[in-house]
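This briefing covers helix packing, the nonpolar core and a surface patch of one model. Please look over the structure before reading the notes.

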Amino acid sequence: MIVQILQIIAAIATILTGLVSLFKPESVTGFTGLRPEGGRGITEIRAVLGGFFIALGAAPLFLNSPVAYAMLGIAYLGIALVRGISLFVDKSVTQSNVISLVVEIIFGVILVIPV
């Protein structure tokens with residue numbers, strides 16, 4: 001039961017991240033390092049960090065399927081893997097990157113636990 005609640009929280013947090021990116025794209029600079037420059041940059045943040053994250057988080061809630069939650073978890077673990085490698089390759093070990101990595105690993109693990 002607790003795992004299911006944590007999975008729902010992770011999905012909702014994914015949606016909230018998307019909503020912030022969709023409606024306030026200029027605010028993502030602090031936690032992503034991305035700068036929404038010009039219409040193209042703003043659209044990219046709204047579409048990828050906004051729309052895509054909203055859809056990724058909403059799908060498990062709407063489908064109510066363990067496979068959908070696992071898929072979201074796999075996505076988070078994939079992001080974490082690339083971020084972890086990139087921290088060293090790109091020499092980008094910063095507080096926000098480490099926090100993101102930890103959250104991605106935690107969400108990924110929680111979401112792939114079968115219930």
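Ala10 touches Phe107 and Leu111, leaving out residues up to four places away in sequence; contact here means heavy atoms within 4.5 Å. This is a predicted model, in which local features need pLDDT of at least 70, side-chain atom pairs count only at pLDDT 80 or more, and totals for chains, interfaces and linings use all residues. Residues are numbered from 1 along each chain as its sequence is written, and side-chain values use heavy atoms, with hydrogens and water left out.

**Nonpolar core**
- The largest nonpolar core has 11 residues: Ala10, Ala11, Val28, Ile45, Leu49, Phe53, Tyr69, Leu72, Tyr76, Phe107 and Leu111.
- At least two residues of this core come from each of H1, H3, H4 and H5.
- A nonpolar core is a set of buried Ala, Val, Leu, Ile, Met, Phe, Trp, Tyr and Cys residues joined through side-chain atoms within 4.5 Å.
- Buried means under 20% relative accessible area, exposed over 50%, and partly exposed in between (1.4 Å probe, protein chains only).

**Helix H4**
- Helices are DSSP runs (H or I, at least four residues), numbered from the N terminus.
- H4 covers residues 66-89, and its end C-alpha atoms are 34 Å apart, which agrees with the 34 Å that its 24 residues should span at 1.5 Å a residue; the expected span is 1.5 Å times one less than the number of residues.
- Ala68, Tyr69, Leu72, Gly73, Tyr76, Ala80, Gly84 and Leu87 are the buried residues of H4, and they pack against helix H1 (2-23), helix H3 (38-63) and helix H5 (95-112).
- After H4 comes Lys91, with a positive phi near 50°.

**Residues of helix H1**
- Gln7 lies in helix H1 and counts as buried because its relative accessibility is 3%.
- Apart from neighbours within four places in sequence, Gln7 contacts Tyr69, Ile110, Leu111, Ile113 and Val115.
- Between Gln7 and Leu111, 104 residues apart in sequence, the C-alpha to C-alpha distance is 5.4 Å.
- Ile9 is also in helix H1, but counts as partly exposed because its relative accessibility is 45%.

**Nonpolar surface patch**
- Met71, Ile74, Leu77, Ile105, Val109, Val112 and Ile113 make a nonpolar surface patch of about 550 Å².
- Such patches join nonpolar side chains (Val, Leu, Ile, Met, Phe, Trp, Tyr) within 5 Å, from residues with over 30% relative accessible area and no salt bridge.
- Accessible areas come from the Shrake-Rupley method with a 1.4 Å probe, and a salt bridge is a side-chain nitrogen of Lys or Arg within 4 Å of a carboxyl oxygen of Asp or Glu.
- H4 and H5 each give the patch at least two residues.
- Val112 is in helix H5 and counts as partly exposed because its relative accessibility is 34%.

Technical notes:
Patches are made of residues with over 30% relative accessible area and no salt bridge: like charges are joined within 9 Å, nonpolar side chains (Val, Leu, Ile, Met, Phe, Trp, Tyr) within 5 Å.
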